[in-house]
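Hi there,

Here is the structure I promised to send over.

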Amino acid sequence: MRMVDVIQKKRNGKELTKEEINFFIEGYTIGEIPDYQASALMMAIYFNGMKSNETATLTQAMVESGETIDLSAIEGHKVDKHSTGGVGDKTTFIVGPLVASVGVPVAKMSGRGLGHTGGTLDKLESIKGFHIEMTKEEFVNNVNTHKLSVAGQTGNLAPADKKLYALRDVTATVDSIPLIAGSIMSKKLASGADGIVLDVKTGSGAFMKKLEDSESLAREMVNIGNNLGRNTVAVISDMNQPLGFEVGNANEVREACQVLQGENIEDLRLLSLELASHMTVLAGAFEDFDSAYKTLEQNLQNGKAFESFRTLVKAQGGDVSVIDDLTKLPQSKYHIEVTAEQDGYVSEIDAESIGVAAMYLGAGRATKDDQINHGVGITLKKKVGDQVTKGEVLVVLHSDDEEPTNSIEKINEAYSLSKEVREKHQLIYKVIN
Ligand code: URA
């Protein structure tokens, strides 16, 4: 087989066979197929797409390019959650404890943040002493004992995807539905969960800006999961503004704890309950969504979910007093208000610009070697639909720099005000299963 023929076939809009896809993934992973031929194929897929069965084959080949994690030593039905990337998305800290609070095991492998979206591990490390390094035995033990553990991604999971994602990043081929679906699902499938709940974001701060594209991506991922033997559900949720009011690290942990302690931070609470309910139904803990939702809602109110989070923190070396007294979380030196320049209603908050503003403050990484500053971040004081008067505070920047000019510029770019009130965005658009 010759790679040039595979490229030509896809360039001409034809379907690739399993043998051709495997030939490409195997050859590319070991370095026999060069980047320039892989780039050409990525571009041909970008323009001509892939049929669902081709995408599933590509995904399976990427899973098989590396190690897979065997979670069979964990008792019960393991369900994982994955978000396609949002700003202010701290649902993992609420969903994990909620699901664990009804006895469903959550073995969460998470990553670090890069660019405008934050990483679960970075955020958790705002809690003094919390560590995510552990052996596989400790991880399995933690989940069996406490029903919840969060570890850094270890092992050589889907190395073909790692190489291809880096290549797509520099060849303008990231935003292709089959390529995104295959990339995300290969890592999820290699991580060994029995069921997967996907939070597919839609809107200005998401990969997919349009609802119909987000729906196609969600359908593709659900098909892949189900075709490859994992029960998969996708929830399409809004990313036309950050989720909740806090963007950063320690401040996101604080907001998640507030929801876990029963506070009604509406979008964050509702999305967390939605995702956790689907997870517990997939795990077989409840017969239907409504009874799951009702019990999980009670567990937010009666402290059981927060207790699960305390147990997680304790088990992984964290100082529990920090989450019992949230003022002990890291804080920045300065709190700088950014105010409205005119009267009006907030019509849009570009989530990506808010994420970039937080990154400039030091809450995220521009390159993968950057250090995170856990105490800095952004508090939104106004969200879409809110009325503002000139001079009123839109956001507070928590900064260690007295004059964070770049971040202030980004905030001004992120907020759009209009004369008329804008209807609030729907939070959950669709569930696909
Ligand atoms: N996240 C991934 O892991 N892969 C993509 O292709 C896009 C987002």
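The second largest cavity is lined by Thr92, Phe93, Gly96, Pro97, Val106, Lys108, Thr120, Leu124, Leu148, Val150, Phe309 and Leu312. Please keep in mind that this is a predicted model. The space inside the second largest cavity comes to about 70 Å³, and the structure holds 3 cavities of 30 Å³ or more.

Helix 5 contributes the most, with 4 residues. Sorted by class, the lining of the second largest cavity has 8 nonpolar, 3 polar and 1 charged residues.

- Arg168 has a polar side-chain atom 2.9 Å from an oxygen atom of the ligand.
- Ser183 places a polar side-chain atom 2.6 Å from a nitrogen atom of the ligand.
- Lys187 has an N or O atom in its side chain that is 2.4 Å from an oxygen atom of the ligand.

On its own, the ligand has 230 Å² of accessible area, and the protein covers 90% of that.

Finally, a word about the second largest pocket. The volume of the second largest pocket is about 390 Å³, and 16 residues line this pocket. Which of them lie nearest its centre? They are Gln241, Glu266, Asp267, Lys383 and Lys424. In the lining of the second largest pocket, 7 residues are nonpolar, 3 polar and 6 charged.

As for where the lining of the second largest pocket comes from, helix 12 (residues 266-282) supplies the largest share, 3 residues. Domain 2 (79-324) and domain 3 (330-418) each give at least three residues to the lining of this pocket.

If you open the model, you could start with the ligand and the side chains of Arg168, Ser183 and Lys187, and then turn to the second largest pocket with Glu266 and Asp267 among the residues nearest its centre.

Best wishes

Technical notes. Residues numbered from 1 in each chain as written. Predicted model: local features only at pLDDT ≥ 70, side-chain atom pairs only at ≥ 80, totals over all residues. Heavy atoms only, no water. 1 Å grid on protein atoms, 1.4 Å probe; cavity = no way out; pocket = protein on both sides within 12 Å on 5 of 7 lines; lining within 4 Å. Points joined across faces, edges and corners; volume = space filled by probe spheres on them. Helix = DSSP H or I, 4+ residues; strand = E, 2+ residues; numbered from the N terminus. Nonpolar A, V, L, I, M, F, W, Y, C, P; charged D, E, K, R; others polar. Domains from an automatic or database assignment. Polar contact = N/O pair within 3.5 Å; in protein donor to acceptor, adjacent residues only side chain to side chain. Areas by Shrake-Rupley, 256 points an atom, 1.4 Å probe, with all protein chains shown as cover.
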